[in-house]
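Colleague: I've got this model open and I'd like to learn how to read its strands. Can you walk me through it?

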Amino acid sequence: MSDFKERIAAELTAARDRSTAYTDAEDDLLVTQHSPLMSPLVWDLAHVGNYEELWVLRQVGGITPLRPEIDELYDAFKHPRADRPSLPILGPVEARRYIEGVRGRVLDVLDTVDLHDPDPLRRQGFVFGLVIQHEHQHDETMLATLQLSGRPGLVRDGDLPPGGSGRAPGADEVFVPAGPFMMGTDTHPWAYDNERPAHRLDLPGYWIDRLPVGNRAYADFIEDGGYDDPRWWAPDGLRWLRRTRAFAPLFWTRDGDTWWRTRFGRTEPVPMDEPVQHVCWYEADAYARWAGRRLPTEAEWEKACGWDAEAGRSRTYPWGDDTPGPGTANLGHRAARPAPLGAFPAGASPCGAEQMIGDVWEWTGSWFLPHPGFHSFPYREYSEVFFGSQYRVLRGGSWASDPAVVRTTFRNWDRPARRQIFSGFRCARSASPEQSPVSAKHST
Ligand code: AVJ
Ligand code: FE
């Protein structure tokens, strides 16, 4: 096999190792629905195999369906998550046997396929990138399910990322001068349709937080009565607040003056130097208003993450084009938590923003909409059916996102009320004339 094919095979194996680790539990845990927001874990497991069968075996390999009768059960659009436990889905033993059977044939297809074929599914291994990224996204979903289950001992805690640099967390901002940049990509071989095409956008100058909002700053918002003050909440946010009676991020509890959080079945004091996670868009939006700021637009986020004004190009990652390493980002479940604020000075973007990649997904102020010139590929149900004003964009990936699914242009989206995902945020504000980069004390 060519080096490229070897790399694809290794990435397929890495994704499968994660799925295996997250479903290495007794059957009861795998078939239970831990929240109406999530599927039973055994559904995710067979669904990734079925997706591989549909795209690699049938579309590219031309192989006769292995189990056509189950396709319908694993079609996410036929059955909403809440209904999945009542379906006659494969049990854990059968699901594992099915996905192993598919995977063996996928490796045979990889062996024989021509990755230079102009067919867009074959060219540069696109279809393999599709299934690798799909499995890793479901692996992250499985982690969210395991967190919701509240059961201890199932998720590897991992090595703690290096401690923070000691610089003041959360307080300062970096300036992004007015000017054009290129948003999206035409060149990343495994980019999704929603990241395409690259297009020029001209933005006014703005400030963006150097770091994500931390637990200390977020606790200050709570202690200042943030959840009881309607001034900070958008109308939908206020409705969400009254319906849910939320008082803190999901999984936080209070004991006297101390905040605790439950993380994968264990309760621990909230580490005040970590980025806040498990907040919904409404909470992020309210915090920003309380702080006299706003959420960055998606374009502002992407420009701050990757635009290298000197070179006149966008980087694949904030620090350049080198793949993420231990010194640049907390990704791929290296530890089951976000890293302390300031842990990755070497991962800074050209404008000086840090921890944009990894740690926590960052809510933006934008709805999930197509880039100008969007063409659905290879199927409408990946992105296109979600465009509109029901889903807000999240960027940057979390500690649970694999490097294969993280880059400057990668787009995620969810409903504004969702917070079982590993979501946080950072704030921004428009530059006004008297806050030019020259006169401001935090200028970089
Ligand atoms: C891009 C994370 C919103 O999980 O719903 C998985 C990814 N698409 N299977 C999701 C996805 C099809 C998607 N998100
Ligand atoms: Fe899926």
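Colleague: How many bridges join β11 to strand β12 (residues 411–414), and do the two run parallel or antiparallel?

Modeller: The general idea is that strands of a sheet pair through backbone hydrogen bonds, either parallel or antiparallel. In this predicted model, β11 and β12 are antiparallel, with 4 bridges between them. Look at V393: its bridge partner in β12 is W413.

Colleague: And which residue stands opposite L394 in β11?

Modeller: That's W363. Strand β10 (residues 361–367) also runs antiparallel to β11, and 3 bridges join the two.

Colleague: Are the faces of strand β11 (residues 392–395) covered or open?

Modeller: For that, check whether the side chains on each side are buried, meaning under 20% relative accessible area. Here R392 and L394 on one side are buried, and so are V393 and R395 on the other, which leaves both faces of β11 covered.

Colleague: Let's move to β5, β6 and β7. In what order do these strands sit in their sheet?

Modeller: The order is β5-β6-β7, in an open sheet with antiparallel pairing. β5 (252–255) and β7 (266–269) each have a single partner strand, so one side of each lacks a neighbour in the sheet. On average, neighbouring strands here are turned by 35° against each other, direction ignored.

Colleague: Which helix lies across β5 and β6?

Modeller: Helix α6 (residues 215–223), running at about 65° to β5.

Notes. Residues numbered from 1 in each chain as written. Chains lettered and ligands numbered in written order. Predicted model: local features only at pLDDT ≥ 70, side-chain atom pairs only at ≥ 80, totals over all residues. Heavy atoms only, no water. Pairing = 2+ DSSP bridges. Axes fitted to C-alpha atoms, helices over the stretch in contact; angles between N-to-C directions. Contact = heavy atoms within 4.5 Å. Buried < 20%, exposed > 50% of the residue type's maximum accessible area, 1.4 Å probe, protein only.
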